[in-house]
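I'd like to walk you through one protein model, a few residues at a time. Let me put it on the screen.

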Amino acid sequence: TDLPNVIDKEIELGDDNFILLKSEVLIISDLLSDGETIQYAIVRQPSHGQIETSDFKGTPITTFTNYELDAGKIVYYFLETQFNERMDSFVLQVRQTSNVVLRTFHIAIIDRNNQKPVVRVGTMTIREATNKILSPAEISIEDLDSADTQLRILITQRPLYGHIFKDSSTLVWEFTMDDINQNLISYEHDGSETVEDAFSFIISDSLHSSFYVFPDTAFPTT
């Protein structure tokens, strides 16, 4: 039996400790047909919460359909009394006609109150001796407490084979998430015969000195 693929999703926990599980959260891209009923069976329940339907609040369910999902009836409830857990998961068997797949969904639970920044880091491909914009695909920060102009990225170890520039001309050791969104930050390779490069950084916002690196939102990085 094939192991279920893992899908990482990040959802914001509401004031009443629940979140609607919408179709974009539980999307299954390898089921081919549109407009047909999709049956979801929960083969492993969440560890720190439960999945319910709004028709029967307080009662965990084991199955639901895409129609209930699209109608906003399927809810994940966080059941812990204190917000110590920041990751939960559950396994779904998803069936559409003859297609059946298993998926493990990792849910990073973000507390909207006093949220530390959550950082996502990607990779980029660049030709030797060229310059390329750093986009939100390479670095992105989510923080409900702070504006993008307040989310500061502080370089602690510069790239070994290139430089980080603002406006393609000013060498920087610090920039903001707003700078990234404005396409102002770029990496320039020095032309050396290298296959990879990297730099280290920390995040600072207006309230917190630590942050999370997605999908590991259980323990903050300082």
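Let's start at isoleucine 141. Leaving aside neighbours within four places in sequence, isoleucine 141 is in contact with Pro117, Val118, Val119, Leu151, Ile153, Met177 and Ile203, where contact means heavy atoms within 4.5 Å. Isoleucine 141 sits in strand 11, residues 139-142. Strands here are DSSP runs of E with at least two residues, helices are runs of H or I with at least four, and both are numbered from the N terminus. Is isoleucine 141 buried or exposed? Its relative accessibility is 7%, so isoleucine 141 counts as buried. For that word we use these cut-offs: buried is under 20% relative accessible area, exposed is over 50%, and partly exposed is in between, with a 1.4 Å probe and protein chains only. Isoleucine 141 and tyrosine 212 are 71 residues apart along the chain, and their C-alpha atoms are separated by 9.5 Å.

A word on where this comes from: it is a predicted model, in which local features need pLDDT of at least 70 and side-chain atom pairs count only at pLDDT 80 or more, while totals for chains, interfaces and linings use all residues. Residues are numbered from 1 along each chain as its sequence is written, and side-chain values use heavy atoms, with hydrogens and water left out.

Now let's step back to the whole chain. It has two helices and 19 strands. Of its 222 residues, 40% count as buried. Take the contacts between residues at least 6 apart in sequence: 68% of them join residues at least 24 apart. The accessible surface comes to about 12,300 Å², and 48% of that belongs to carbon and sulfur atoms; the areas come from the Shrake-Rupley method with a 1.4 Å probe, and for residues only the protein chains shown count as cover.

Next, glycine 49. You'll find glycine 49 in strand 4, residues 49-53, and with a relative accessible area of 10% this glycine is buried. Which residues does glycine 49 contact, leaving aside neighbours within four places in sequence? They are Tyr76, Tyr77, Phe78, Leu79 and Asp88. With tyrosine 76, the separation is 27 residues in sequence and 6.8 Å in space, C-alpha to C-alpha.

On to the aromatic rings. A pair of aromatic rings is described by the distance of the centres and the angle of the planes. Rings of Phe, Tyr and Trp (its six-membered ring) pair if their centres lie within 6.5 Å; planes under 30 degrees apart count as stacked, over 60 as edge-to-face, and the rest as tilted. Searching the whole structure turns up four aromatic pairs. In one of them, the rings of tyrosine 40 and phenylalanine 64 have centres 4.8 Å apart and planes at 10°, so this pair is stacked. It links distant parts of the chain, with tyrosine 40 in strand 3 (residues 39-44) and phenylalanine 64 in strand 5 (residues 63-65), 24 residues apart. Both tyrosine 40 and phenylalanine 64 are buried. Phenylalanine 199 and phenylalanine 201 form a tilted pair, at 5.9 Å centre to centre and 45° between the planes. Phenylalanine 201 is buried too, with a relative accessible area of 17%.

Not counting residues up to four places away in sequence, threonine 65 touches Thr37, Ile38, Gln39 and Tyr40. Its relative accessible area is 16%, so threonine 65 is buried.

Most residues other than glycine have a negative phi. Aspartate 167, though not a glycine, has a positive phi of about 60°. Its place is the loop between strand 13 (162-166) and strand 14 (170-171), and at 48% relative accessibility aspartate 167 counts as partly exposed. Asparagine 183 has a positive phi of about 60° and is not a glycine either. Asparagine 183 lies in the loop between helix 2 (177-181) and strand 16, and is partly exposed at 45%.

Last stop: arginine 127, in the loop between strand 9 (118-121) and strand 10 (131-133). Arginine 127 counts as exposed, at 68% relative accessibility.
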